[in-house]
Amino acid sequence: MRRRLIAGNWKMNGSRESLAELDGIAAAAAQAEGVDVAICPPFTLIERATARVPALPIGAQDCHAVDKGAHTGCVSAGMLVEAGAQIVIVGHSERRAAQHESDAAVKAKAEGAIAAGLTVIVCIGETEAQRDAGEAQIVVTGQMRGSLPVAGGDRLIVAYEPVWAIGTGLIPSLADVGAMHRVIRGVLIELLGAERAATVRILYGGSMTGDNAADLLAIPDVDGGLVGGASLKAATFVPIIAAAAA
Ligand SMILES: O=C(CO)COP(=O)(O)O
């Protein structure tokens, strides 16, 4: 049985002051039976976050593929581990678009992260134009084949985030989410074998809130959420944690 995971991606938001939000989030996480909760703040807040709420897994939003070297401005997975991170998000659509990250680059990062001992959340998802063209499933399965690491076991997590649903208040129909997660599970079985594929959690991301979380989490093969805006405040994130625990 896969445990649900509700992970918050703070993106380039947050400050030392906003770490106070973690107190309420950690308290809700401790109450949430059978649910894992994590927060991925900016790099600069990771160490303070782990010190503030030691029981709450803290993650990062990116890492480099190799463990050290002449890569100005980059941070390796080993450095994240040293800072106290347990998780890293790779291949977020915002990085695929703005930093031109290819599937191969995302796969290399995921493999570096797994090798360093991190749990890795690999993000995939189609744009609005791709969905309108009827290509959503082709795009997503192509991203999976190109960017999933071969190793990882249950430290591999997939996040399906339709690009057009991120930060827009729009979500796909529940039927479309279910269809896509079913396709993703099928590709996992093909790539990893049925036994390993059954351990991989598939998160939904894109405008998840306390209002829609229960419906989204009731869909088969939706094993949790990757939450942006609503994860910044305990007041909006805790209801999502509660929906996952219900
Ligand atoms: O991109 C996301 C999480 O990685 C989703 O962001 P929103 O929840 O703000 O739509």
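Residues Q61 and C123 are touched by H92, when residues up to four places away in sequence are not counted. These contacts come from a predicted model. H92 itself is found in a loop, with β4 (87-90) on one side and α4 (93-98) on the other. Within 10 Å of H92 there are 28 other C-beta atoms. A residue with 20 or more such atoms counts as buried, so H92 is buried.

In an unreviewed UniProt entry, H92 is listed under "active site" together with E161. The listed residues span 70 residues in sequence, yet no two of their C-alpha atoms are more than 8.4 Å apart, so they gather at one spot.

E161 also belongs to a loop, the one between β6 (156-160) and α8 (174-192). For E161, 25 other C-beta atoms lie within 10 Å, and E161 is therefore buried. When neighbours within four places in sequence are left aside, E161 is in contact with S93, C123, G125, I166, G205, G206 and L226.

Technical notes:
Residues numbered from 1 in each chain as written. Predicted model: local features only at pLDDT ≥ 70, side-chain atom pairs only at ≥ 80, totals over all residues. UniProt positions renumbered as here; feature names shortened; annotations may be inferred. Helix = DSSP H or I, 4+ residues; strand = E, 2+ residues; numbered from the N terminus. Buried ≥ 20, exposed ≤ 12 C-beta atoms within 10 Å, placed from the backbone. Contact = placed C-beta atoms within 7 Å.
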